[in-house]
Amino acid sequence: MSGILNSSIGRKFAMALSALFLMFFLLQHFAINILSVFSPDAFNEASHFMGTFWAVQYLLQPILILGVIFHFVMGFVLEIKNNKARQISYAKNNGGANSSWMSRNMIWSGLAILAFMVLHFIDFWIPEINTKYIVGDMTGMHNGEFRYFHELVEKFHSPLRVGAYVIAFVFLALHLLHGFRSAFQSVGANNKYTKGLKTFSKVYAIGIPLGFIFIALFHHLTGH
């Protein structure tokens, strides 16, 4: 594994795999959260399952956390190496002419997303973990009494918090617009399906963040 990560191609490939994994998780996360708009009961049931099923809690959740850490660490490594290569490119020609603004600033959108994830963990994940494993209120959890929907709506009362969420998802869209396409290229998906993949990546990169923005604004404006 270390040998693969020591090569430029290996690092990009590993980065792409972690990105695709996180994109799949993001889609699953959105599928559950959009239920809060249409059916609080369905949202509570889905959240209760994800919050108590042993495979999710003790297998998938640690893998997800490690995947997030790996993706951000690898992103910083690639950014440092790309900056060194970019300095050489600028010395020879206009290096920025051959790359988009987003591709040159992925580190900043990534940092904005990382800051949002810290806020999101403070808002939702840490209180849930505290209830289940520190306070020890597992009886309420298993009876479906943990207030998933109530906590969601409560967090979106504050216009400042909603504004932070909206800004974060705008940065996520920008990050995904370049990252999704780059991930497919890194895993060798440049073939007759490339045009279709580009279309899909744009729909995903814009649609999923917009969906999350809609959820936040819906609960903020309706209060339920």
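Which helices each supply at least two residues of the nonpolar patch? They are α5 (54–92) and α7 (106–134), and we will come back to them once the overall fold is in view. This is a predicted model, in which local features need pLDDT of at least 70 and side-chain atom pairs count only at pLDDT 80 or more, while totals for chains, interfaces and linings use all residues. Residues are numbered from 1 along each chain as its sequence is written, and side-chain values use heavy atoms, with hydrogens and water left out.

Let's start with the chain as a whole. Its secondary structure comes to 11 helices and 0 strands, where helices (H or I, at least four residues) and strands (E, at least two) are DSSP runs numbered from the N terminus. Of the 224 residues, 39% are buried; here buried means under 20% relative accessible area, exposed means over 50%, and partly exposed lies in between, with a 1.4 Å probe and protein chains only. The accessible surface of the chain is about 13000 Å², and 70% of that belongs to carbon and sulfur atoms. Such areas come from the Shrake-Rupley method with a 1.4 Å probe, and for residues only the protein chains shown count as cover. Among contacts (heavy atoms within 4.5 Å) with a separation of 6 or more, 78% are between residues 24 or more positions apart.

Ala 31 lies in helix α2 (residues 8–33), and Gly 211 sits in helix α11 (residues 194–222). They are 180 residues apart along the chain, yet their C-alpha atoms are separated by 9.7 Å. Phe 30 and Gly 211 are 181 residues apart in sequence and 7.6 Å apart in space, C-alpha to C-alpha. Gly 211 counts as buried because its relative accessibility is 10%, whereas Ala 31, at 41%, is partly exposed.

Now back to the surface patch. Its members are Phe 49, Phe 53, Trp 54, Tyr 58, Tyr 133 and Ile 134, which together have about 720 Å² of accessible area. Patches are made of residues with over 30% relative accessible area and no salt bridge, like charges being joined within 9 Å and nonpolar side chains (Val, Leu, Ile, Met, Phe, Trp, Tyr) within 5 Å. One of the members, Phe 53, lies in the loop between α4 (40–52) and α5. Phe 53 counts as partly exposed because its relative accessibility is 33%.

Follow α7 next to its packing against helix α9 (residues 148–155). The two helices pack at an angle of about 145 degrees, with their axes 11 Å apart. Axes are lines fitted to C-alpha atoms, for helices over the stretch in contact, and angles run from 0 to 180 degrees between N-to-C directions. On the α7 side, Asp 123, Phe 124 and Glu 128 take part, meeting Tyr 148, Glu 151, Leu 152 and Lys 155 in α9.

A salt bridge is a side-chain nitrogen of Lys or Arg within 4 Å of a carboxyl oxygen of Asp or Glu. Asp 123 pairs with Arg 161, their closest N and O atoms being 2.9 Å apart. This pair links distant parts of the chain, with Asp 123 in helix α7 and Arg 161 in helix α10 (residues 159–186), 38 residues apart. Asp 123 is buried, with a relative accessible area of 2%, while Arg 161 is partly exposed at 25%.

The other bridge joins the side chains of Glu 151 and Lys 155, at 3.3 Å from N to O. Both residues lie in helix α9, 4 residues apart, about one turn of the helix. Glu 151 is partly exposed, with a relative accessible area of 21%, and Lys 155 counts as buried at 15%.
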